[in-house]
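Thanks for asking me to look this one over.

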Amino acid sequence: MRAGILVNSLPAALTIYDEFKRVPDCEVLVLLFPAPNDSQSLARHVARLFLRRGGLKSLRLVLGRKVIRFRKPLTHAKTLTRLQGLELDIGLHKSGEIYRQSTIDAFRLGILNPHIGMLPRFRGRSVMEWSVLEGEPVGITVFFIDSNIDTGERIVLSEEIDISDCRSLREARERLFNLDAVFFRRAIELLGSEGFEYKLNDGSGHRYYVMSRLFRGAVEKIIMNFEL
């Protein structure tokens, strides 16, 4: 299995890269794409990381030729040609990009996304907050994306996450986002297991939009009053 972590900065890839050391027979590359209006050199990416955390890990990635830097945006034809040439099986979404179908098709199986909502019920934006407000389970769904909003039919893994001990909305969101590396690894392991079958994202749920400040305040109060 060959996977590529799609990122706009090196720090975003490190936790995922480290988690995949536990997966046998899986080669992982870091695919570094420029963010909009970003002209930083690879050296600047590494330098910026050294000022934060994990600098030595990043340096090992670069020296080990595990980082592939694309100078053109993800939508550029040269980028797409180079991406296809890598012959990767799976992409791991960790960038701020919205992917066109041509980019998704550059990976043999597609691009995985760790969605912080339970599909098919909750798709779109602020889905963790809407789940709490409606009294529904909070969780993570790892699925293969398509070119629309959370409508990819192939769900690999879906699991409820307990946030009852979180004391704020920010803490709850961080808990779910920080589980992306673990859920990516588990999804890859499931895909390689005998007899694995996809769950169906049948489109039966609703598409949600960014929650207003008023409703976010209500969700904050609900989380603060969870019984421990």
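The points below go from the whole chain to its core, its rings and a few backbone details.

1. A word on the ground rules. This is a predicted model, in which local features need pLDDT of at least 70 and side-chain atom pairs count only at pLDDT 80 or more, while totals for chains, interfaces and linings use all residues. Residues are numbered from 1 along each chain as its sequence is written, and side-chain values use heavy atoms, with hydrogens and water left out.

2. The chain as a whole. There are 9 helices and 10 strands; helices (H or I, at least four residues) and strands (E, at least two) are DSSP runs, numbered from the N terminus. Of the 228 residues in the chain, 48% are buried. Here buried means under 20% relative accessible area, exposed means over 50%, and partly exposed is in between (1.4 Å probe, protein chains only). The accessible surface comes to about 12300 Å², and 50% of it belongs to carbon and sulfur atoms; such areas come from the Shrake-Rupley method with a 1.4 Å probe, and for residues only the protein chains shown count as cover. If you take the contacts (heavy atoms within 4.5 Å) between residues at least 6 apart in sequence, 69% of them join residues at least 24 apart.

3. The nonpolar cores. A nonpolar core is a set of buried Ala, Val, Leu, Ile, Met, Phe, Trp, Tyr and Cys residues joined through side-chain atoms within 4.5 Å. The largest one has 45 residues, and those with the most contacts inside it are Ile5, Phe20, Val30, Leu92, Leu112, Leu176 and Ile188. Helix H8 (residues 180–191) gives the most to this core, with 6 residues. Apart from it lies another core, of 20 residues, with Leu6, Leu80, Leu86 and Ile111 among them.

4. Is isoleucine 5 buried or exposed? Isoleucine 5 is buried, because its relative accessible area is 0%. Leaving aside residues up to four places away in sequence, isoleucine 5 touches Ala13, Ile16, Tyr17, Val28, Leu29, Val30, Leu31, Leu92 and Lys94. Isoleucine 5 and tyrosine 17 are 12 residues apart in sequence, and their C-alpha atoms are 8.0 Å apart in space.

5. Helix H8. This helix has 12 residues and reaches 16 Å from its first C-alpha to its last, close to the 16 Å expected at 1.5 Å a residue; the expected span is 1.5 Å times one less than the number of residues. Its buried residues are Asp180, Ala181, Phe183, Phe184, Arg185, Ala187, Ile188 and Leu191. What do they pack against? Their partners are helix H1 (11–19), strand E4 (90–93), strand E5 (110–115), strand E7 (139–144), strand E8 (154–160) and helix H7 (169–177).

6. Aromatic pairs. The whole structure holds 6 aromatic pairs. Rings of Phe, Tyr and Trp (its six-membered ring) pair if their centres lie within 6.5 Å; planes under 30 degrees apart count as stacked, over 60 as edge-to-face and the rest as tilted. Phenylalanine 144 and tyrosine 198 make an edge-to-face pair, 6.1 Å centre to centre with 75 degrees between the planes. That pair links distant parts of the chain, 54 residues apart: phenylalanine 144 is in strand E7, and tyrosine 198 is in the loop between H8 and strand E9 (199–200). Phenylalanine 144 counts as buried because its relative accessibility is 1%, whereas tyrosine 198, at 36%, counts as partly exposed. Ring pairs also link Phe122, Trp130, Tyr208 and Phe215 into a cluster.

7. Charges over rings. A charge sits over a ring if NZ of Lys or CZ of Arg is within 6 Å of the ring centre and within 35 degrees of the ring normal. Arginine 154 lies over the face of phenylalanine 144, at 4.2 Å from the ring centre. The charged end of arginine 121 sits over the ring of phenylalanine 122, 4.3 Å from its centre.

8. Backbone details to check by eye. Leucine 119 and proline 120 are joined by a cis peptide bond, with omega about 5 degrees; proline 120 is in the loop between E5 and strand E6 (122–124). Glutamate 87 has a positive phi, near 55 degrees, and is placed in the loop between helix H4 (77–85) and E4.
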